[in-house]
Amino acid sequence: MQNQGKVAVISGATSGIGRDTAELLLADGYVVYGLSRKPSEGEKIRHIPCDVSVEGDVASAIAEIVAEAGRIDLLVCNAGFGIAGAVELTPLSEAERQLAVNFFGTFICVKYALPALRKSRGRIVMVSSAASAFPLPYQAFYSASKSAVTTLALALRDEVKLHGVSVTVCLPGDVNTGFAGARHKHVEDCEIYGSAPRRSVEQMERDEAAGMTSAYVAGKIYRMCTRRRVKPMYVIGVKYKAIFVAGKLFPTSFVRWCVGKIYG
């Protein structure tokens, strides 16, 4: 209970990685607030109904937390979802919603939590994806949204370090959660792309089903939340660390050829 009385705010804390991370922080003494569209009752996590893509929702939620708890020591930006399909067949509204939740939702949470985090000299942990380093065909907008999150974290880190706020971002590989079931898919066989989008996403979902548990990833994020100093970026999963290093060593054309052979 080394962090007794500290206050953590987690977006997307009702299930999966967010929920498991919240439970670990609770066990360590944190007071945990969860921001989610669906309220949840009867547990120690204090859930505040909030759509992270709506600025007014986030502003009100953060103000409520500060008024009630008096501080914020930790912000974990975890809320997100995925869409899949060929770029040219993706409705603009779907692409906009993808960026609104995954990227702008992260930005909005940071924007309104930062004043309290400066006072506590706190920490921001952003949950990105290995897809930010290795963009996936037929998941271009999800990959783009997570690449934007990674870039935001690295740039923000240098902006706020003089104020004592630390920022880090994690890039998990495949995780076996309910994420795949919630994915918005436009992958029906069609004249232009045939069955390629459907086969690509089916392969991704097989990889996710065989992937890391949410509890394992949450344990890594918990350590990012609580260790004294953090690196700018963490890749989660031994296999994905090796792939990340290989991606730095080999030409982009070769890396994209490999990705295309698996998911193209």
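How many residues does helix α9 have, and what distance does α9 reach from its first C-alpha to its last? Helix α9 (residues 252-263) has 12 residues and reaches 16 Å, close to the 16 Å expected at 1.5 Å a residue. The expected span of a helix is 1.5 Å times one less than its number of residues.

This is a predicted model, in which local features need pLDDT of at least 70, side-chain atom pairs count only at pLDDT 80 or more, and totals for chains, interfaces and linings use all residues. Residues are numbered from 1 along each chain as its sequence is written, and side-chain values use heavy atoms, with hydrogens and water left out. Helices (H or I, at least four residues) and strands (E, at least two) are DSSP runs, numbered from the N terminus.

Val255, Val259 and Tyr263 are buried in α9. Buried means under 20% relative accessible area, exposed means over 50%, and partly exposed lies in between (1.4 Å probe, protein chains only). The buried residues of α9 pack against α6 (196-209) and α8 (238-249).

**Helix α7**

Helix α7 (residues 214-226) has 13 residues. Its end C-alpha atoms are 18 Å apart, which agrees with the 18 Å it should span at 1.5 Å a residue. Its buried residues are Ser214, Val217, Ala218, Gly219, Ile221, Met224 and Cys225.

Of the 5 residues of β6 (123-127), 5 are buried, so β6 is largely enclosed by the rest of the structure. Both faces are covered: Arg123, Val125 and Val127 are buried on one side, Ile124 and Met126 on the other.

Two strands pair if DSSP finds at least two bridges between them.

| β4 (residues 74-77) | parallel | 4 | Leu74 |

**The nonpolar cores**

A nonpolar core is a set of buried Ala, Val, Leu, Ile, Met, Phe, Trp, Tyr and Cys residues joined through side-chain atoms within 4.5 Å. The largest one holds 65 residues. Val32, Ile65, Leu75, Ile124, Met126 and Ile221 touch the most other members. Helix α3 (residues 92-120) gives the most to this core, with 9 residues. Another core, of 6 residues, lies apart from it and includes Ala131, Leu136, Tyr142 and Val259.

Contact means heavy atoms within 4.5 Å. Leaving aside neighbours within four places in sequence, Met126 is in contact with residues including Cys77, Thr106, Val110, Val149 and Leu152.

**Two positive phi angles**

Most residues other than glycine have a negative phi. Arg121 is not a glycine, yet has a positive phi of about 55°. Arg121 is found in the loop between α3 and β6 and is exposed, with a relative accessible area of 58%. Tyr138, also not a glycine, has a positive phi of about 65°. Tyr138 is found in the loop between β6 and α4 (140-160), but is buried, with a relative accessible area of 16%.
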